[in-house]
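Trainee: I'm new to this one and I'd like to know what stands behind the labels. Can we go through it together?

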Amino acid sequence: MKKGTMFSRNQLFKILAPLMLEQALAMTIGLADMVMVSSCSEAAVSGISLVDSVNAVFLWLFPAIATGGGVVLAQYLGAGDEENSRRSTGQLTLLLLGFSVLVTLVFFVFRTELLHLLFGEIEADVMGYASTYFLVSIFSYPFLALYNVGAAVFRAEGNTRVSMVTSTAMNVFNVAGNAILIYGFDMGVLGAGLSSLLSRVLGAGIMLRLLLRPDCPVGLSGWESLRPERRMFRRILSIGIPSGFESAAFNIGKLLVISLVSTLPTSAITANAVMNSLQSIILIPTSAIHLAAVPIVGQCLGAGKPEEGKYYTGWLIKLAYVCLLVTAGGTLLLADPILSLFNLTAETKELIKPLLLFYFAISVTLYPLAFTLTPCIRAAGDANFCMIAAMVGMWLGRIACSYLFVYLGLGLFGIWLAILADWIIRIAFFVPRYLSGRWLKQKVI
């Protein structure tokens with residue numbers, strides 16, 4: 001690292017290493033959780049998967065809103081303003097907890113109507129399982145929100161070990177709960193729902209306990225910190241709302257693309273599912289890098305050091321390239337033994353191999369410019385620009401081109417070619433913005 005910069009190599013390692021481990025453990029334990037839940041009946045699995053598609057909205061929405069608080073907090077920390085750091089933590093807690101409670105109440109009252117509206121006239125047993133799982137899931141939203149508050153706050157401080165340990169504890173507890181309630185007490189879907197609920201209660205409890213400690217520099221300073229403050233709300237929401245819209249657009253777009261894939265032959269559907277799983281594994285390190293952008297870039301700008309913010313952005317992009325060369329390159333080199341784990345037909349394997357080569361080529365050349373720049377620019381407070389660029393890339397690039405390429409007869413390769421279109425559009429937005437320096441002139445605090 002450059003001499004005299006805010007973060008040493010050791011400090012950066014302490015931020016990044018726990019995040020990478022957290023992402024890897026969450027995926028590994030999540031796969032185990034999926035296998036255990038799949039031991040229920042086929043109708044039960046269908047009911048759970050339908051509800052999980054609703055829950056996924058909040059799994060992305062809560063962290064997106066929490067990002068607003070994280071950016072504001074990181075900049076206050078960079079400025080050395082502990083009082084406003086604590087106030088921003090309190091306002092983020094109030095905002096996210098209040099929103100989650102409101103959603104819980106509305107969903108509880110209209111849960112039956114909502115399920116019928118979303119999923120229509122599905123089979124009675126599937127709807128019964130979905131209703132049971134949805135009812136339990138609804139009450140986990142406030143606890144999920146509190147966990148996301150704590151994760152955003154401690155990550156903004158640079159203490160990423162807290163979210164790693166808490167997330168791991170939650171996932172392990174969830175798997176153990178599934179084993180006891182599904183296998184031991186034969187509770188099926190209800191057991192799976194209760195296990196998820198209790199794991200989120202555990203995560204919220206750990207985060208709340210840490211935030212209430214008197215020696216926590218970014219913690220809650222009693223009930224006074226939960227009094228509504230319009231100005232702080234605006235600061236948090238100025239980043240949280242665009243991030244939430246960006247997240248919603250991305251996930252809705254993915255659902256539309258998946259619905260298009262479902263019209264293709266079975267081998268193509270299977271190949272796409274496997275490619276999505278491999279892509280998730282390849283992107284584990286870069287996902288951690290994106291989370292680290294908030295404390296690193298945000299604190300630099302809060303300290304009034306925009307040039308260091310730009311320097312660390314370049315450093316994070318270079319690190320993303322190195323990580324992708326290792327993960328994407330390793331996946332490509334080990335393609336045969338990896339694909340043998342999925343018990344695929346020869347036809348499906350032949351579809352996947354060229355896609356892996358294509359994905360390697362675009363990821364090690366374009367991905368960091370399309371995606372690693374985004375959280376760095378957002379950490380500076382330029383959230384509206386990030387939202388517009390991401391939505392144009394998703395809807396004009398990935399969605400519109402997916403339908404066009406499939407219509408032209410390119411099949412599954414057309415779906416993945418549309419990803420390239422999305423990335424090129426994002427790069428056309430983000431690279432000029434980065435080079436111009438306008439993102440460094442945003443006012444957050």
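Mentor: A helix here is a DSSP run of H or I with at least four residues, and helices are numbered from the N terminus. Keep in mind that this is a predicted model. Just after helix α17, Gly-437 takes a positive phi of about 80 degrees.

Trainee: Why is Asp-186 called exposed?

Mentor: Exposed means over 50% relative accessible area. Asp-186 has 66%, so it counts as exposed.

Trainee: And how do you know that Met-275 is buried?

Mentor: The cut-off for buried is under 20%. Met-275, in helix α10 (residues 266–282), has a relative accessible area of 2%, so buried it is. Leaving aside neighbours within four places in sequence, Met-275 is in contact with Ile-352, Leu-355, Leu-356, Tyr-359 and Trp-416.

Trainee: What about Thr-374, buried or exposed?

Mentor: Thr-374 is at 4%, so it falls under the 20% limit and is buried. Thr-374 sits in helix α15 (residues 367–379). Its contacts beyond four places in sequence are Glu-246, Cys-386 and Phe-430.

Trainee: Glu-246 again! Why is its pairing with Arg-378 called a salt bridge?

Mentor: The nitrogen of Lys or Arg has to be within 4 Å of a carboxyl oxygen of Asp or Glu. Arg-378 and Glu-246 come to 2.9 Å, N to O, so the pair qualifies. Arg-378 lies in helix α15 and Glu-246 in helix α9, so the bridge ties together parts that are 132 residues apart in sequence. Both residues are buried.

Trainee: How many salt bridges are there?

Mentor: Nine. One of them joins Glu-82 and Arg-86 at 3.6 Å, so that pair is within the 4 Å limit too. Those two are four residues apart in helix α3, so about one helical turn separates them.

Trainee: Which residues have the most contacts inside the largest nonpolar core?

Mentor: Phe-107, Phe-134 and Tyr-141, in a core of 53 residues. Helix α2 supplies the largest share, 14 residues. Among the contacts of Tyr-141 are Val-54, Phe-58, Phe-107 and Phe-134. Apart from that core lies another, of 36 residues, including Val-257, Ala-328, Tyr-367 and Ile-427.

Trainee: Ile-427 is where the kink in α17 is centred, and now I see it in that core of 36 residues. Thanks!

Terms used:
Residues numbered from 1 in each chain as written. Predicted model: local features only at pLDDT ≥ 70, side-chain atom pairs only at ≥ 80, totals over all residues. Heavy atoms only, no water. Buried < 20%, exposed > 50% of the residue type's maximum accessible area, 1.4 Å probe, protein only. Contact = heavy atoms within 4.5 Å. Bend = angle between axes of the 7 residues up to and from the residue. Core = buried A, V, L, I, M, F, W, Y, C linked by side-chain atoms within 4.5 Å. Salt bridge = Lys/Arg side-chain N within 4 Å of Asp/Glu carboxyl O.
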